[in-house]
Amino acid sequence: MGACSIPVRALVCSSLVLFAAACSGADSRSTAAFTADGQVIAMGGGEGGPSNACFSCHGLDGLGDGVSVPRLAGLDAGYLQKQLEDYADRLRDDATMYEAARWLDDDDRRAVAAWYAALPALSATSAATVQLSVPAIAAIGGAMLLAEPITPRLLLASAAILGGIALTIRKKG
Ligand code: HEC
């Protein structure tokens, strides 16, 4: 029994890991069309060169810095594109964004806007944090599906893991 319960447990664990990975990648806006071009501009700045690479200010996850650089991830593509046009035309006046936007043509703006619109609204930190719950879920699954004993130690460990996750997510928003 002891020998055969290990593969079952491993199976339960791996399916939970895959499930959690699938969940953290899920995003309601991911149906928006985006091309690799948008990502290239976001990471490389397009014609404007690396000093205008969007990620260098707006962050790899497009969440901005929460102070002076706004979040782009998950915003409406049409809105983002319009802002880029307005910066480039100086209708929206900002020296930094004028410099970043003026190098982009219509296709570039559409592509980079679609990229940020499609970037998961869930931050990388939240996604990573949620995945930390897997051991606790797997242990609870083991107790429920395989009748493994629920020890005070397991309860304490699970409570600590889940509590830590709750704190992180509440802080990050
Ligand atoms: C040097 C830093 C920097 C770079 C590089 C940069 N941005 Fe920005 N971005 C800013 C700042 C600061 C603002 C806020 C400006 C304002 O108050 O209007 C902003 C605002 C924006 C906005 C308006 C958001 C809103 O909610 O209205 C968009 C869209 C945007 N940036 C897209 C981009 C794109 C796309 C790129 C890359 C091509 C880029 N940014 C590169 C700093 C930067």
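Me: How far does α6 reach from its first C-alpha to its last?
Reply: Keep in mind that this is a predicted model. α6 has 13 residues, and at 1.5 Å a residue you'd expect 18 Å. The reach in the model is close to that, at 18 Å.

Me: How many residues of α6 are buried?
Reply: The helix is mostly covered. The buried ones include Arg-109 and Arg-110, along with Val-112, Trp-115 and Tyr-116.

Me: Which element gives the largest share of the largest nonpolar core?
Reply: That core has 22 residues, and Val-112, Ala-113, Ala-114, Trp-115 and Tyr-116 have the most contacts inside it. Elements that give two or more residues to it are α2 (36-44), α4, α5 and α6 (106-118). Eight residues, the largest share, come from α6.

Me: What is Ala-113 in contact with, leaving aside its neighbours within four places in sequence?
Reply: Ala-113 is one of the buried residues of α6, and it's among those with the most contacts inside the largest nonpolar core. Skip the neighbours within four places, and its contacts are Ala-77, Leu-80, Gln-81 and Leu-84.

Me: Which element gives the most residues to the shell around the ligand?
Reply: There are 20 residues around the ligand, with Cys-54, Cys-57, Gln-83, Asp-94 and Ala-100 coming nearest. Two or more residues each come from α3 (54-58), α4 (77-88) and α5 (95-101). The top giver, with four residues, is α3.

Me: How many residues of that shell are nonpolar?
Reply: Let's go through the shell by type. Two of its residues are charged and seven are polar. The nonpolar count is 11.

Me: Why does Ala-73 count as buried?
Reply: Ala-73 sits in the loop between α3 and α4. Leu-60, 13 residues away in sequence, is 9.8 Å from it, C-alpha to C-alpha. The cut-off for buried is 20 or more other C-beta atoms within 10 Å. Ala-73 counts as buried because its C-beta neighbours inside 10 Å number 22.

Me: Is Arg-90 buried or exposed?
Reply: Arg-90 lies in the loop between α4 and α5. Its phi is positive, about 65°, although it isn't a glycine. Most residues other than glycine have a negative phi. With 12 other C-beta atoms within 10 Å, Arg-90 is exposed.

Me: What is the phi of the Ala-147 that follows α8?
Reply: Helix α8 covers residues 134-145, and its 12 residues reach 15 Å, close to the expected 16 Å. Ala-147 comes after that helix with a positive phi, near 55°.

Me: How many helices does the protein chain have?
Reply: From the N terminus on, the elements run α-α-α-α-α-α-α-α-α. The chain has zero strands. The helix count is nine.

Me: What share of the contacts with a separation of 6 or more comes from residues 24 or more positions apart?
Reply: The protein chain has 173 residues, of which 20% count as buried. For contacts with a separation of 6 or more, the share from residues 24 or more positions apart is 71%.

Me: Where in the protein chain is confidence lowest among the helices?
Reply: The chain averages a pLDDT of 79, and 72% of the residues score at least 70. Over residues 25-33 pLDDT stays under 50. For helices, α4 is highest at 98, while the lowest, at a mean of 59, is α1 (residues 2-25).

Note on methods
Residues numbered from 1 in each chain as written. Predicted model: local features only at pLDDT ≥ 70, side-chain atom pairs only at ≥ 80, totals over all residues. Near = placed C-beta within 6 Å. Nonpolar A, V, L, I, M, F, W, Y, C, P; charged D, E, K, R; others polar. Core = buried A, V, L, I, M, F, W, Y, C linked by C-beta atoms within 7 Å. Contact = placed C-beta atoms within 7 Å. Expected span 1.5 Å × (residues − 1). pLDDT = per-residue confidence, 0-100.
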